[in-house]
Amino acid sequence: MANKKVLIVDDQEMIRKLVKMTLSSHNFDISEANNADEALQMVLKTRPDVIILDIMMPGELNGIEACKKIRQIPGFEETIILMLSAKTQEIDKEEGMDAGATDYLVKPFSPEYLLIQIKHYLNETQ
Amino acid sequence: MTLIKNLSFKVKTIIGIALIETLLLAIIYFTSINSLNHTNENQIKLRAQETSTLISLWVRNGLLTYDVGNTEHFISSLVESDGLLYIHIKNEDGKTFAFAGDPKFLDKKIEPDTTLEQANLDGVFDVVKPITLDNFTIGQVELGLSVNKLSEFIDNVANRIKTIAAVEVILSALFSYFLGWLLTRRLLRLKKVAIDVSETGVLKSTGDQSKDEIGTVSQAFDKMSSSLINSQKALKANAMKLEEIFKSTRDGMVVISTDGTILTVNPAFGKLTNCNKHFEGVPFESLIQLLKSKIDTDDYESVRWLKTISDFNQLAHRDKRKTKIRFAPPNKRLLNVNHKLINDHETQIHSILFFMDLTKTEEVERLKSEFVAHAAHELRTPLTSVQGFSELLKLPDVSNKDRIELADIINSQSKRVVEMVSELLDIARIESEGVKLLDFQTVSLTPVVEKIVKEFSVPENRKPIYTYYKEGIRPVLIDETRIYQVLQNIISNAYKYSSESDYIWLYVEPFEYKYEEQDKEGVQIRVIDTGMGMSEEQLEHLFDRFWRGDSSGALPGTGLGMSIVKEVLELHSATIEVSSELNKSTEVTIKFYR
């Protein structure tokens with residue numbers, strides 16, 4: 001079975017590194033993007049199975065808008081999108097879910113929990 | 001009665017004195033005429049008696065001797081004398097013996113008069129006296145005394161008395177007029193001053209310093225009017241003060257009359273509601289209609305408030321109610337409305353509506369909570385690293401090399417948290433304390449900058465700061481430690497956003513500017529680097545809180561440095577200008593004015 005592909009979208013290098021190290025020994029193919037524009041390009045290029053998406057990023061698009069755009073791309077209607085944001089209020093969570101996220105995780109997060117969630121959603125889709 | 005009331009004091013005095021005078025004069029007139037008449041009557045009677053007796057004695061012999069000639073001669077001589085009109089001597093048979101005087105009395109039937117009144121009927125006092133001899137009547141004397149002369153005299157006297165009385169009345173009238181004028185002149189002056197004072201409101205003295213009754217009344221009036229005018233002035237000043245406050249206050253006010261109309265609105269109300277209509281005298285309902293057309297109908301609280309307040313008769317129950325109302329675009333203001341019931345019938349004020357602009361307050365509140373949310377979010381990023389990496393550190397299969405790297409990351413990220421917290425506190429202190437926070441001293445900038453440059457730890461493998469200090473720099477008023485912080489920030493940014501091959505220059509030099517059309521010399525610090533520079537868009541956000549030139553997190557920093565720099569320089573009344581060219585250079589200029 002081929003490795004599952006994960007795209008990490010976050011403007012903070014430290015966060016990308018953290019997610020990368022969390023997933024490193026679990027057979028994932030990892031790609032990175034540091035803003036929404038780059039993320040859309042990477043989605044088309046690498047066709048990831050899981051997208052880990054930050055919300056507050058510099059540039060014209062934020063994570064919410066990026067999520068909506070990804071959902072419009074054919075073949076990505078069901079792709080696992082895990083929002084990972086420092087916005088912790090209930091209303092932010094609702095906004096994220098409304099934009100089409102599979103789940104909404106808040107920072108700071110437990111790497112172990114993130115790994116469990118990724119595996120959980122991957123098992124569900126299989 | 002009203003006629004008498006309307007008469008002036010002066011006329012009343014004249015009439016009174018004239019009446020008394022006339023009464024007294026009349027009494028004098030009648031008593032004197034009466035007594036004069038009485039005296040004359042007696043005199044006439046006496047004279048008639050004497051004359052007739054004398055004649056009867058004289059003509060007795062003539063009568064006895066029938067000597068008509070001598071008798072007539074005698075009586076003729078008598079008639080010629082004053083007042084005797086006729087003398088008629090009759091014999092014992094009643095026939096004429098002798099006659100002298102006016103012939104019309106010859107055949108006249110004589111009725112003897114006993115009183116002057118009877119005589120006055122024909123103007124003749126008729127006397128009949130028998131001529132006797134030894135108790136025998138031998139004839140009679142009839143004679144008439146003219147009373148015309150007498151009554152003429154009495155008339156004359158009466159006329160004189162009347163003339164004198166008239167003169168007397170005129171004189172006393174004149175006197176009383178003068179007296180009245182003298183008295184009323186001062187009263188009239190008092191009246192004039194009273195009218196002047198009440199009409200003009202300007203203090204005016206009666207000038208009457210005399211010690212009599214009118215004088216004391218005048219002085220009392222002066223005192224009263226002066227205290228009245230003083231209190232009036234105080235009232236006026238007070239009213240003007242209130243009016244000024246009413247006009248200049250930033251809060252809108254609508255004063256509602258007890259009859260349900262608008263008494264007045266202040267200019268602020270017009271400004272807040274974007275409406276310059278005249279509301280004075282307009283029914284309260286019209287104001288409600290206007291507000292209805294302007295409020296944001298999507299705002300539940302505004303709509304509900306208008307509904308509850310729209311009935312004027314219910315307004316009294318809305319005392320001290322507070323509501324926030326929001327206006328529709330383009331106004332968009334948020335106003336705090338406060339209703340205060342007065343219900344004072346004297347001033348006719350029913351109640352006052354106060355409108356306070358909360359738009360700015362709301363905006364400040366929004367910015368504050370946005371800042372807090374932003375700060376929390378920014379703190380979460382390094383904390384996420386600390387929490388996540390420390391969890392990874394616990395995993396059993398981590399190599400030693402990785403362990404060291406993880407520990408390094410945790411260390412640097414926790415340092416970042418500490419740095420951010422202290423900078424956030426710094427911002428909070430600058431915002432709450434402002435200039436008070438700074439400790440200003442007049443110092444020369446050159447040694448201050450020299451010290452900073454000397455103490456700055458230039459990163460490894462980087463070129464030093466090249467400094468240029470102009471001679472004769474004027475001292476400036478600064479807080480040394482804060483300027484140290486500012487320069488530290490700018491220099492470290494210069495190193496952060498440039499690479500090993502780049503240069504950093506620092507200049508301290510004078511610059512010229514105009515202040516109130518006068519040439520002045522200030523001091524500026526320029527820091528130039530040949531680093532990565534910034535795009536125009538990046539320049540725009542340079543002073544935004546939490547904005548970072550490098551958003552990747554590869555370079556340390558909190559995004560608060562430049563916003564602190566700007567605020568500190570603002571407290572110094574100094575300016576900061578940044579010009580930059582992407583991938584080429586950045587130049588920061590700080591100008592201190594003197």
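Me: How many residues of chain B are in contact with chain A?

Reply: In this predicted model, 21 residues of chain B are in contact with 21 residues of chain A. The area buried between the two chains is about 2,000 Å², and carbon and sulfur atoms give 62% of that. On the chain B side, His377(B), Arg380(B) and Thr384(B) lose the most area to chain A, together 26% of what that side buries.

Me: Which salt bridge is counted between chain B and chain A?

Reply: Side chains of opposite charge can pair when their charged atoms come close. Between these chains the count is one salt bridge. Glu405(B) pairs with Lys17(A), with the closest N and O atoms 2.3 Å apart.

Me: Which element gives the most to the side of chain B that touches chain A?

Reply: That is α10(B), with 11 residues. By class, this side of chain B has six nonpolar, 10 polar and five charged residues.

Me: How many salt bridges are there over all chains?

Reply: The count comes to 22. In chain A, Asp10(A), Asp54(A) and Lys107(A) are linked in a network of salt bridges.

Me: What does the salt bridge between Lys591(B) and Glu577(B) tie together?

Reply: Their closest N and O atoms are 3.7 Å apart. Lys591(B) lies in strand β16 and Glu577(B) in strand β15, so the pair ties together parts that are 14 residues apart in sequence.

Me: Is Lys591(B) buried or exposed?

Reply: Lys591(B) has a relative accessible area of 17%, so Lys591(B) counts as buried, the cut-off being under 20%. Glu577(B), at 39%, is partly exposed. In another salt bridge, Lys514(B) pairs with Asp519(B), and both of these residues are exposed.

Conventions. Residues are numbered from 1 along each chain as its sequence is written. Chains are lettered from A and ligands numbered from 1 in the order in which they are written. This is a predicted model: local features need pLDDT of at least 70, side-chain atom pairs count only at pLDDT 80 or more; totals for chains, interfaces and linings use all residues. Side-chain values use heavy atoms; hydrogens and water are left out. Contact means heavy atoms within 4.5 Å. Buried area is the accessible area (1.4 Å probe) that two parts lose on being put together, summed over both. A salt bridge is a side-chain nitrogen of Lys or Arg within 4 Å of a carboxyl oxygen of Asp or Glu. Helices (H or I, at least four residues) and strands (E, at least two) are DSSP runs, numbered from the N terminus. Ala, Val, Leu, Ile, Met, Phe, Trp, Tyr, Cys and Pro count as nonpolar, Asp, Glu, Lys and Arg as charged, and the others, Gly among them, as polar. Buried means under 20% relative accessible area, exposed over 50%, partly exposed in between (1.4 Å probe, protein chains only).
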